[in-house]
Amino acid sequence: MGIDLDAYFGHAALPEDYRSGFVALIGRPNAGKSTLLNRLLGQKVAIVSDKPQTTRTKIQGIYTDDTMQAVFFDTPGLHKPKHKLGDYMNRAASVTFGDVDVICYLTDASQPFGGGEAHICQQLAECTANGGPPLFLLLNKLDLLPEAGPDKLAELAAPFEAKLNFAKVLGISAAEGRGMEQLLGALREQLPRGPRYYDEEQLTDQPEKQIMAEIIREKIFLATREEIPHAVAVIISQYQRRPNGMLYLEAQIFVERDSQKGIIIGKGGAMLRSIGQAARAEIEGLFDEQLYLELRVKVKKDWRDDAWLLKSLGYDPKKL
């Protein structure tokens, strides 16, 4: 005799035409992929800054409603790598191409079509040459354009459509939330019928420690602006619950030069305190925790080319 698992576990039965599947968000660095993911989920799961290549790994975000569950992969921006970390980031993005039901290609509509976009179009053409997943073109950052009517969108889409066949072309603004319902509706039409892969309350598969480390890294980006390049990484080295109920967190911040360490610490430790205060406030609000956060800055020359350290930081090519 068959068992109704939804009923057995006390879950409401899903409609027969319920949709579920996997969606890759790809594009050049700073196209707005992380902003879009956070907007769709209604909560921050991916860090955001105006610096390219902020996202370094595939971040999984889970959108669930009464009609579908879409599992999004926010991938690192595709770029020309200059070190082993860059190689890892490109692989993390490209390996998702054949393992999803829909690929959403985000582009910054306020910038002209150039060599970087042409390179991505070539990669996508190779991926879909033998009938790969449907492609959506998402013309993002419409809030930065003085005019974004149908004629303008057609003009912006033309160089992309000359190279690829898109199942859907949409103009959106992830920052302002424009076009989100249209995007979700288009995904609903494309995703196959299937079950929920995750509980309806779950928004990401990222471990808590990874989210916390990423929040700290974001605060470093925001505090140091152009002074610190992408030669910074954060790892949670201690994660302990104290007898008083407070969570003790120690984070190690890796940089490549002594000068970068000095910038992050700041005069009299002022910059590091500011970073710690901002990170602690966001972590406490996100996880509803009382937190004691200790930050330590370490110099590790050329860590982005150190295979062992990259693996310890979670950038392991063998796990892609």
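Glu250 is located in strand β8, which spans residues 247-255; strands here are DSSP runs of E with at least two residues, helices are runs of H or I with at least four, and both are numbered from the N terminus. The model is predicted, so local features require pLDDT of at least 70 and side-chain atom pairs pLDDT 80 or more, whereas totals for chains, interfaces and linings use all residues. Residues are numbered from 1 along each chain as its sequence is written, and side-chain values rest on heavy atoms, with hydrogens and water left out.

Glu250 has a relative accessible area of 7% and is therefore buried (buried, under 20% relative accessible area; exposed, over 50%; partly exposed, in between; 1.4 Å probe, protein chains only). Its side chain makes a polar contact of 2.7 Å with that of Ser237. A polar contact is a pair of N or O atoms within 3.5 Å; within protein, one atom must be able to donate a hydrogen and the other to accept it, and residues adjacent in sequence count only if both atoms are side-chain atoms. Residues up to four places away in sequence aside, Glu250 touches Ile235, Ile236, Ser237, Gln238, Glu294 and Arg296, contact being heavy atoms within 4.5 Å.

Helix α7 (residues 208-224) contains 17 residues and reaches 25 Å from its first C-alpha to its last, close to the 24 Å expected at 1.5 Å a residue; the expected span is 1.5 Å times one less than the number of residues. Because 12 of its 17 residues are buried, α7 is largely enclosed by the rest of the structure. The buried residues include Ile211, Met212, Ile215, Ile216 and Phe221, as well as Glu214, Arg217, Glu218 and Lys219. The buried residues of α7 pack against β7 (232-241), β8, α8 (258-265), α9 (270-287) and β9 (291-299). Arg225, just after the helix, takes a positive phi of about 50 degrees.

Five aromatic pairs occur in the structure. Rings of Phe, Tyr and Trp (its six-membered ring) pair if their centres lie within 6.5 Å; planes under 30 degrees apart count as stacked, over 60 as edge-to-face and the rest as tilted. Tyr105 and Phe160 form an edge-to-face pair, at 5.6 Å centre to centre and 80 degrees between the planes. This pair links distant parts of the chain, with Tyr105 in strand β4 (residues 102-108) and Phe160 in helix α5 (residues 150-161), 55 residues apart. Both Tyr105 and Phe160 are buried. Tyr248 and Tyr292 form a stacked pair, with 5.7 Å between centres and 20 degrees between planes; Tyr248 in β8 and Tyr292 in β9 are 44 residues apart. Tyr248 is buried at 7% relative accessibility, while Tyr292, at 45%, is partly exposed. Arg242 lies over the face of Tyr248, at 4.2 Å from the ring centre; a charge sits over a ring if NZ of Lys or CZ of Arg is within 6 Å of the ring centre and within 35 degrees of the ring normal.

The largest nonpolar core has 26 residues, of which Leu36, Phe72, Cys104, Leu138, Leu183 and Leu187 touch the most other members. Such a core is a set of buried Ala, Val, Leu, Ile, Met, Phe, Trp, Tyr and Cys residues joined through side-chain atoms within 4.5 Å. Its largest share, five residues, comes from α6. Beyond its neighbours within four places in sequence, Leu138 is in contact with residues including Leu36, Cys104, Leu170 and Leu183. Another core, of 25 residues, lies apart from the largest one, with Leu247, Ile275, Leu293 and Val297 among its members.
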